[in-house]
Structures are given as structure tokens and as C-alpha cells.
Amino acid sequence: MTIDVARVRAETRAAETVVHLNNAGSSLPPAIVMDTVHEQLRADEVFGPYEAQALAEPGLALAYESVAELVGGAADEVAFFGGATHAWQTGLYSLPWRRGDRILASQAEYGSNVYAFAYLKERFGVRTDYVPDDERGQIDVDALAESIDDKTRLVAVTHIPTYGGLVNPVAQVGAVARAAGVLFLLDACQSVGHMRLNVTEIGCDLLSGAGRKYLRGPRGTGFLWANPRALDQMRPAHADQHSQTWSDVTSFTPAAGARRLETFERSVALQLGLGAAARYALSLGTSAIEARVCALAAALRGMLAEIPGVTIQDRGERLSGIVTFTVEGFAAEEVRVALRENHINTWVVGRSMSMRDFAARGIDEVTRASVHYFNTEDELACAADVVRTLTA
Ligand SMILES: Cc1ncc(COP(=O)(O)O)c(C=O)c1O
């Protein structure tokens with residue numbers, strides 16, 4: 001299966017008005033996603049929001065099924081949240097931590113994950129150690145295996161970091177975690193909708209994702225997938241009478257599956273939009289998406305690398321659709337602005353977003369051009385031309 005580029009561009013309203021290379025920030029949603037959201041908002045207005053939710057129940061059920069299918073899990077193993085951090089932190093904080101427990105994490109962890117590890121240390125005396133990267137810049141799986149001890153309760157890895165093209169070898173990590181009997185929490189915020197994911201093949205127990213990034217869902221959406229092995233150990237950190245039934249004066253009965261991690265209040269419209277985005281990705285095929293995204297990113301790296309003064313900053317054996325680079329003599333923001341003046345959207349990642357990696361490599365900031373399957377080779381050539389003109 002290959003991507004029909006003309007079709008996906010026709011189904012993306014902004015495709016002809018802007019060159020969007022900020023898909024790791026927030027992608028352009030396909031028309032079906034925003035139409036789904038608008039339709040439900042209109043139903044809220046016409047029928048009353050609770051009544052409109054009742055009418056939308058089959059659509060919501062399908063949204064859980066579609067997100068589950070996207071990661072290779074079951075619908076009752078998925079919980080919806082307002083963003084990826086909320087999903088990831090709910091997973092982390094709901095585990096049964098005891099003083100002295102230990103987490104092993106990747107260097108590529110997102111800043112909010114690092115915050116959560118620091119919080120666990122302060123509140124509960126749970127220590128996090130960061131596994132070194134190997135010489136290619138990805139998590140050193142042998143070092144991970146050697147570091148696991150009888151205090152280690154969790155391995156936490158970010159699949160694709162926010163700051164570069166790296167794809168961590170998560171199936172190898174999963175094999176190590178499984179062999180040691182340790183839970184594995186995967187931050188797939190950047191990889192869902194970007195590449196083919198299968199939780200059984202990866203061997204993770206918990207996986208979090210964002211709606212708005214490569215999945216092309218609406219803003220304000222995220223999800224957590226958790227298998228029964230993880231769920232059985234979890235005590236939901238955020239819960240309410242929707243996810244826990246007040247069954248006795250002093251006791252609560254958790255909802256079945258991952259729904260016990262949610263709370264009642266939600267945007268039905270956005271969650272239906274998330275479901276539509278998942279179905280759209282499934283209809284294109286995640287392997288086809290991955291192949292095109294990675295090929296376009298490789299082409300862009302090639303074009304940029306030919307420009308004098310440009311350095312590609314992506315590290316890793318396997319690279320994603322995220323292209324990061326620096327331009328000698330120019331701040332990353334100057335590069336972003338020059339591209340924006342030409343209707344090309346990119347982003348700047350500074351050291352505060354990637355403290356561990358950038359500090360170790362002596363980098364302060366990069367310009368990030370994150371491509372998606374609806375981009376064209378011509379668009380990438382335009383972006384490279386702007387950078388060439390800037391440096392000339
Ligand atoms: C790797 C990674 N994890 C987590 C997040 C946080 O996602 P959210 O902003 O939806 O909480 C991001 C956002 O850029 C990210 O890149």
C-alpha cells in the first residue's frame with residue numbers, strides 16, 4: 001500500500017495554503033477530523049450536551065476501538081485524556097510506588113516526564129536513573145539490561161524524542177524489560193500515527209500518545225493504553241465517580257479496564273475527532289505512512305546537508321520524520337522566521353526542551369522541520385531554497 005498524495009492533500013484543507021513542516025508540534029488535521037468535531041459541537045447545541053453524548057455513544061465506542069487498533073491493543077485497555085502528558089503521568093502516578101523503588105529511563109525523556117520522575121523522588125523516595133545512549137545516540141540496550149536490579153520496578157522510554165530524528169529501539173527494550181519481569185512504559189507521543197506500532201511486538205505494558213501530532217487529531221486529546229498486567233497493579237491517581245463507583249459508604253469499585261483511569265468530564269467532540277483521526281491513519285496504513293514520512297525526511301536531510309553552513313543534528317541508527325538542523329551564523333529562531341515568511345511552518349527546540357541530550361552534545365537549539373505524508377518533494381525543495389538563500 002502506498003499513500004495517494006493527491007488524495008490526502010485534497011482531504012487536507014490547508015495543504016495548498018501553507019507548507020506544514022511542524023507535524024511534531026501539531027499537524028494539519030484532515031477535513032474528516034474537524035467535520036466530526038464540528039458536527040458533535042452542533043449536536044451539543046441542538047440536543048443538549050448530555051443528550052448529544054448519549055447519541056454519540058456508538059461513535060465513542062468506535063473511537064476507543066480505533067485507537068486500540070492503531071497500537072495493536074484492545075478497546076477496554078484504552079483511556080482518553082486531554083493530552084499525552086496527562087495520559088503518561090496518570091500511568092506513572094497510578095503504579096504502586098514504595099520508598100526505595102527504582103525507575104530506569106531513557107536520555108530522550110520529554111521534560112514533563114523528567115519532572116514527574118523528580119516529583120516521585122521528592123514525594124515517595126523513588127529514584128530514577130537514566131540509561132546512557134550508545135555511540136549512535138539511541139538507548140544502550142545492553143547498559144539497560146545490566147542496570148536492572150531487584151529494586152527496578154519500571155523501564156520508561158521515549159520512542160521518538162521531541163528534539164530530533166532518533167527512533168529508540170523499543171522492541172529490544174521491551175525484550176529486556178520482559179525478561180527481567182519489569183513493567184515498561186512507552187512514551188509514543190511522537191510515534192503514534194507516524195509509524196506502525198504494535199504493543200505485543202514492542203513488549204510494553206503502558207503506552208501513551210497524543211492526538212494532535214502525527215496522528216492528525218484535534219488539539220486537547222491524548223490516550224493511554226494499559227494491559228491487564230499493569231492495570232491489575234494500578235491504583236488510579238486521578239479518579240471520580242465515573243471511573244470508580246461509590247459502592248459502599250467508604251469504598252469504591254473501579255470501572256472495568258483502563259476506563260478506571262479516566263474522569264467523567266470530557267470533550268465528546270474532541271474524542272470523536274480523535275477516533276476519526278485514528279481511523280484515517282488506519283485507512284492509509286501505518287506502514288505506508290511510516291515509509292513515506294521517513295523517505296521524505298531522508299530527502300530533506302539530503303537537501304539541507306548540501307547547503308554550506310548547515311549541520312543536520314539528528315542522531316540514531318533509525319531515523320524518523322523529524323529533521324533537526326543548525327545554520328552557522330543564524331539563531332534557530334531566525335531560520336524559523338525566514339521559513340515562516342515564505343509560508344513554511346517549522347519550530348525551534350531549545351535546550352530547556354531537551355536538557356539531557358543537548359547539554360551533553362553542547363547544543364543550545366535547533367530548527368525542527370517535521371514532515372508528514374501529505375508533504376511533497378517540491379515543498380521540501382522550497383524549504384531548502386529558503387535556507388540556502390538565507391545563508392548565501
Ligand atoms: C516525546 C513527547 N512526549 C510527551 C509530549 C507531551 O505531549 P502533550 O503536550 O500532549 O502533553 C511531547 C510533546 O511535544 C513529546 O514530544
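Author: An oxygen atom of the ligand lies 2.7 Å from an N or O atom in the side chain of Arg212, a polar contact being a pair of N or O atoms within 3.5 Å; within protein, one must be able to donate a hydrogen and the other to accept it, and residues adjacent in sequence count only if both atoms are side-chain atoms. The side chain of Gln190 also places an N or O atom 2.9 Å from an oxygen atom of the ligand. Of the 390 Å² of accessible area that the ligand has on its own, the protein covers 89% (areas by the Shrake-Rupley method with a 1.4 Å probe; for residues, only the protein chains shown count as cover).

This is a predicted model, in which local features need pLDDT of at least 70 and side-chain atom pairs count only at pLDDT 80 or more, while totals for chains, interfaces and linings use all residues. Residues are numbered from 1 along each chain as its sequence is written, and side-chain values use heavy atoms, with hydrogens and water left out.

The residues around the ligand, each with a heavy atom within 4 Å of it, are Gly83, Ala84, Thr85, Tyr110, Thr158, Ile160, Thr162, Asp187, Cys189, Gln190, Arg212 and Lys213. This shell comprises four nonpolar, five polar and three charged residues (Ala, Val, Leu, Ile, Met, Phe, Trp, Tyr, Cys and Pro count as nonpolar, Asp, Glu, Lys and Arg as charged, and the others, Gly among them, as polar).

Ala84 also belongs to the span of helix α4 (residues 84–93), whose axis comes within 10 Å of that of helix α5 (residues 111–124) and crosses it at roughly 25°. Helix α4 is therefore roughly parallel to α5, a term for angles under 35 degrees, with over 145 counting as roughly antiparallel, 65 to 115 as roughly perpendicular and the rest as oblique. Their crossing is right-handed.

Helices α2 (residues 31–47) and α3 (residues 49–71) pack at about 130°, with axes 7 Å apart, and are therefore oblique to each other. The crossing of α2 and α3 is right-handed.

Definitions and conventions. Axes are lines fitted to C-alpha atoms, for helices over the stretch in contact, and angles run from 0 to 180 degrees between N-to-C directions. Helices (H or I, at least four residues) and strands (E, at least two) are DSSP runs, numbered from the N terminus. A crossing is left-handed if the near helix is turned anticlockwise from the far one by less than a right angle, and right-handed if clockwise.
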